[in-house]
Amino acid sequence: MGASPSWLACLCVVAVVLLVSPSSRGLAGADPTNGFTAVSLSESNFVLQKPYDLPSNARYSFAGGVRQLWVLSSDKPHTSQSNTKPRTEIRMTGYDYSSGVWQFEGYGYRVGHHTLMLHVYNGTLRYYSGAVVEDNIYDRWFRLNVVHDVDQSRLTVFVDGVEKLMVAGRGGDSHYFKFGVYTQHDSSSCMESRWKNVRILRK
């Protein structure tokens, strides 16, 4: 699948309503995974969600350790009953959580998103269409870490080991991580992202 000129990619923590809050962003510090333990993942934990009328290999490939996901703006939703926009995403299963401190780590090519959705607009990674999270995100691999402290209702985003954003949650009973592409407003006809070395960690 070739690179597209403009696209959005996503990493989702579901059932969390998030607001921007102040943080000391932009300072390199300790590795965000310090103090965390990686959980055991097998391929069964990576569940693909893609247009319901297409085979998996029409929108997804996994080769050489890289997961490549793409979707067309004209595609159907992931189920015949859904009214949502087209998506090709990996829903991480087996580790839904309602308390504690959890972390997603992955290396993305061009972008990642989340409910906090991180979008790419003209090569800049932003919180929705507002606060800039990272400039010049196109055409390079970057390390994304998202730390979700449920009990403190706080979520922190790191790009390449540097804290870029902190947001506050509004509760929710169950949370999980997703990554991939999800059509949004002003989308291009074809959207793509690539991911490798995805981990889930917890304290």
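In the predicted model, Thr88 is buried, with a relative accessible area of 0%, where buried means under 20% relative accessible area, exposed over 50% and partly exposed in between, for a 1.4 Å probe and protein chains only. Thr88 belongs to strand 7 (residues 87-92); helices (H or I, at least four residues) and strands (E, at least two) are DSSP runs numbered from the N terminus. Not counting residues up to four places away in sequence, Thr88 touches Leu48, Gln49, Lys50, Pro51, Arg59, Leu69, Trp70, Val71, Gly180 and Val181, a contact being defined by heavy atoms within 4.5 Å. A polar atom of the Thr88 side chain also lies 2.8 Å from the backbone oxygen of Trp70.

Residues are numbered from 1 along each chain as its sequence is written, and side-chain values use heavy atoms, with hydrogens and water left out. Because the model is predicted, local features need pLDDT of at least 70 and side-chain atom pairs count only at pLDDT 80 or more, whereas totals for chains, interfaces and linings use all residues.

The protein chain contains zero helices and 16 strands, and buried residues make up 52% of its 203 residues. Of the contacts in the chain with a separation of 6 or more, 75% are accounted for by residues 24 or more positions apart. The chain averages a pLDDT of 76, with 67% of the residues scoring at least 70; pLDDT is the predictor's confidence in each residue, from 0 to 100. Confidence is lowest in strand 2 (residues 19-20), at a mean of 32, and highest in strand 3 (residues 37-38), at 98. Over residues 2-24 pLDDT stays under 50, and for this segment the model has 111 contacts beyond four places in sequence.

Glu192, in strand 16 (residues 190-202), counts as buried because its relative accessibility is 4%. The Glu192 side chain makes polar contacts with the side chain of Gln68 (2.7 Å) and with that of Arg194 (2.8 Å). A polar contact is a pair of N or O atoms within 3.5 Å; within protein, one must be able to donate a hydrogen and the other to accept it, and residues adjacent in sequence count only if both atoms are side-chain atoms. Glu192 and Tyr60 are 132 residues apart in sequence, yet their C-alpha atoms are 9.7 Å apart in space.

The largest pocket holds about 190 Å³ of space. On a 1 Å grid over the protein atoms alone, a pocket is an open set of points where a 1.4 Å probe fits, with protein on both sides within 12 Å along at least five of seven lines, and lining residues have an atom within 4 Å of a point; the volume is the space filled by probe spheres set on the points, which are joined across faces, edges and corners. The lining consists of Pro32, Asn34, Phe36, Val101, Val147, Asp149, Arg154, Thr156, Phe158 and Lys203. Strand 12 (141-149) and strand 13 (154-159) are the elements that give two or more residues to this lining, and strand 13 supplies the largest share, three residues.

Asp149, one of the lining residues, is found in strand 12 and is buried, with a relative accessible area of 12%. Beyond its neighbours within four places in sequence, Asp149 is in contact with Gly100, Val101 and Arg154, while its side chain reaches the backbone nitrogen of Gln152 at 3.0 Å. Asp149 and Arg202, 53 residues apart in sequence, are 9.8 Å apart in space, C-alpha to C-alpha.
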